[in-house]
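Thanks, everyone. I'll keep this quick. Have a look at the screen and then we'll walk through it.

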Amino acid sequence: MRIGLFVTCLVDSMRPRIGFAAIKLLEAAGCKVVVPKLQTCCGQPGYNSGDRKSAEALALKFLAEFESFDYVVVPSGSCAGMIRVHYPSLFKDDPALLTRFTALGQRTCELTDFLANVAKPGKMPGNFQGTLTYHDSCSGLRELDVYKQPRALLTAMPGVTINEMVESTTCCGFGGTFSVKYGELSTRMADNKCQHIADTHADAIVGGDLGCLLNIEGRLRRNGDHATRVLHVAEVLSGLDEEA
Amino acid sequence: MQNTSLQFRNQVTIKLADARLQDALSRLQSRFVEGRSAVISEIADLEEARTAAATIRDRVINNLEHWLVHFEQQATACGAIVHWAETGADVNRIVAGIAAQHGVKTAAKSKSMVSEECGLNDALELAGVKVMETDLGEYILQLAKEAPSHIVAPVVHKNKEEISDLFAEKHHLPRKTGIAELCREAREVLRPAFLNADMGISGANFLVAETGSALIVTNEGNGRLVTTLPRVHVAITGIEKVVPTLEDVTTLLRLLPRSATGQSITNYVSVLTGKKNAEDHDGPEHFHIILLDNGRSSLVGSEMQEMLRCIRCGACMNHCPVYQNIGGHAYGWVYPGPMGSILTPLLGGIEKSPDLPNASTFCGACAAVCPVKIPLPDLLRKLREKQLQRGMKSWQETFLLKVWAWLALHPTIYAIATRIGVRLIRMMGGKEKLLHTLPGAGGWTDGRDFPAPSGKTFRELHKRGAGQ
């Protein structure tokens with residue numbers, strides 16, 4: 001299977017290791033992974049700020065770069081949701097493009113969804129030892145139905161114990177530009193999440209979207225918690241969860 | 001009611017710091033979220049039921065004029081008088097006119113959010129009519145001179161102690177502390193109001209076109225008293241509330257109480273059809289139904305039309321993490337939460353509520369529970385598009401969005417810019433790899449550190465074949 005990996009702008013700039021973790025996981029599952037070199041951003045920041053035009057332009061750029069693959073895999077539910085759910089809605093009045101975007105969307109998967117439901121690999125390369133708690137990021141959960149997939153992959157790892165937090169499906173308060181524009185509100189939401197994480201006494205908080213993880217990590221550290229590790233699910237599954 | 005949603009940002013700060021409010025809001029989760037979750041599973045075909053409900057609402061709204069005329073004909077045939085009001089002020093004028101016509105001195109009122117849109121109570125007081133709210137929550141708010149903070153549980157922002165204090169002060173009776181005692185005291189105060197009222201005022205959850213009935217869904221029994229005891233009954237509701245048949249209503253009633261209060265069915269569902277006839281034992285001698293537009297008709301046929309499906313269950317606000325943290329008053333008008341963040345700008349003017357469409361993370365919890373499948377985040381996003389088109393966004397935001405979009409469309413320059421950017425921010429993160437402040441992003445760093453990037457971009461590392 002030829003996979004186009006969309007690393008996302010956030011992983012590209014903030015934590016490249018997640019991109020390499022995704023490659024490792026996909027290759028371990030027997031996929032041939034291609035990383036289109038000119039990829040940038042899916043267009044979500046503009047789209048969610050009311051700038052439909054720039055989102056359309058970036059959607060067309062994305063289509064040109066990724067249409068030829070058997071599957072497009074994204075280590076983010078939020079960006080995968082943009083491609084799968086929102087790209088087709090942007091072109092609903094253009095039948096030819098709508099068909100192409102719908103087909104692209106159907107072949108586009110969030111990473112854990114792809115691993116659990118399409119690639120179905122055997123043993124995970126990672127060797128995480130400890131307890132973790134999982135935060136369900138909103139778009140992956142509600143747009144792509146990603147809930148069981150990361151848990152199934154993680155619980156198959158012998159050293160992993162999942163301590164579920166209460167309200168794991170409640171928003172952490174990130175919301176893209178919301179986190180800066182309504183900082184106070186966003187911080188309170190992050191604080192509620194941090195409390196629920198602390199109550200689990202887990203060694204690590206794990207999730208599938210880097211934006212949420214940066215938000216949660218930022219609040220944990222500000223609150224003086226430097227011990228709880230904040231990891232992307234791809235890092236845990238691949239074993240690339242330690243500093244190089 | 002005056003729209004103060006321009007004050008949203010200040011209100012957020014105030015509400016987040018209000019310990020009593022936060023204590024009251026902490027009970028939303030168990031009362032409403034878990035309450036809904038416990039009973040919604042009784043509907044085996046939930047997705048089908050939601051689709052059916054949405055279809056019923058769409059069928060009406062796509063042909064609203066037809067169904068309204070049909071309703072008016074049926075209601076009139078049963079002896080009700082239907083009035084059409086374009087604005088809240090028109091409603092107030094019509095109600096005051098009916099009061100004058102029948103020599104009304106006192107009115108007993110059951111819950112009506114549409115009457116809050118109009119500011120009806122104040123208008124009636126000016127016209128010399130004494131109005132008594134009889135829904136327990138609304139009665140408490142009338143005593144406290146406050147507005148509802150939730151469309152189903154109007155007094156959800158207050159805790160029991162506040163209500164004990166309020167009753168003791170206003171009723172001049174010994175302070176009660178138990179919920180049952182407080183309810184009994186309210187009942188004793190309210191009973192004469194029902195018996196003495198010349199006019200009863202209610203809302204209507206649905207208007208049934210085939211029978212000409214106004215239907216109300218309640219728990220306290222005050223709705224029955226208000227609509228049957230006084231000699232004049234005035235029901236006020238929005239034009240979008242019409243539903244073709246009673247059969248259609250049953251589909252909506254499977255969803256409404258479960259979504260709203262976590263009840264399989266409410267204590268009362270009253271179908272009010274026509275005025276009292278010679279053979280009837282009770283009922284009002286005069287039944288007036290006032291249908292308010294207040295901007296609703298302008299949404300028909302627009303890209304915002306789906307908002308008119310709303311059946312006012314409140315599930316969107318109960319499940320909204322923003323509402324859960326600030327309560328309803330911060331939103332500044334009658335309708336709070338996600339549905340309010342759409343209705344307030346649509347009915348009150350987009351320019352008057354710049355924050356409401358933006359104060360959402362698009363988490364989608366609202367749309368996931370909406371019984372009539374309103375795509376609330378999509379509608380909020382459309383409002384953001386309108387804001388951008390009207391130049392309502394700050395120049396900084398518009399500029400940054402433009403720069404980001406331009407860079408993302410120019411991958412080579414994007415690569416250079418991100419390489420420089422991540423190195424710079426990495427340096428600022430120092431040994432700790434955390435930034436405590438970040439120019440231009442105080443909204444983030446006032447409450448959170450910013451984890452530093454690793455210092456190189458994925459694309460440059462990947463190009464060099466670095467496998468970590």
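Take the contacts in chain A between residues at least 6 apart in sequence: 78% of them join residues at least 24 apart. Keep in mind that this is a predicted model.

Next, overall form. Chain A has 244 residues, and a compact globule of that length would have a radius of gyration near 18 Å. Chain A comes out at 17 Å, so the two agree. Along the principal axes, its C-alpha atoms fill a box of roughly 50 × 45 × 30 Å. Buried residues make up 59% of the 244 in chain A. As for secondary structure, chain A holds 13 helices and eight strands.

Now the contact between the chains. How many residues does each chain give? Chain A puts in 54 residues and chain B puts in 50. On the chain A side, the elements giving two or more residues include α2 (17–28), α4 (52–66), α11 (183–200) and α12 (210–222) of chain A. That side of chain A divides into 23 nonpolar, 16 polar and 15 charged residues.

Over to chain B and its sheet. Six strands form an open sheet there, with parallel pairing. The order reads β1-β10-β7-β4-β2-β3 in chain B. Which strands sit at the edges? They are β1 (80–85) and β3 (130–133) of chain B, each pairing on one side only. From one strand to the next, the twist averages 20°.

One pair in detail. β1(B) runs parallel to β10 (residues 286–292) of chain B, and six bridges link the two. Within that chain, Ala85(B) stands opposite Leu292(B) in β10(B).

That's my tour; over to you.

Note on methods:
Residues are numbered from 1 along each chain as its sequence is written. Chains are lettered from A and ligands numbered from 1 in the order in which they are written. This is a predicted model: local features need pLDDT of at least 70, side-chain atom pairs count only at pLDDT 80 or more; totals for chains, interfaces and linings use all residues. Helices (H or I, at least four residues) and strands (E, at least two) are DSSP runs, numbered from the N terminus. The radius of gyration is taken over C-alpha atoms; the globule rule is 2.2 Å times the number of residues to the power 0.38. A residue is buried if 20 or more other C-beta atoms lie within 10 Å of its own, exposed if 12 or fewer, and partly exposed in between; C-beta atoms are placed from the backbone. Two residues are in contact if their C-beta atoms, placed from the backbone, lie within 7 Å. Ala, Val, Leu, Ile, Met, Phe, Trp, Tyr, Cys and Pro count as nonpolar, Asp, Glu, Lys and Arg as charged, and the others, Gly among them, as polar. Two strands pair if DSSP finds at least two bridges between them. Axes are lines fitted to C-alpha atoms, for helices over the stretch in contact, and angles run from 0 to 180 degrees between N-to-C directions.
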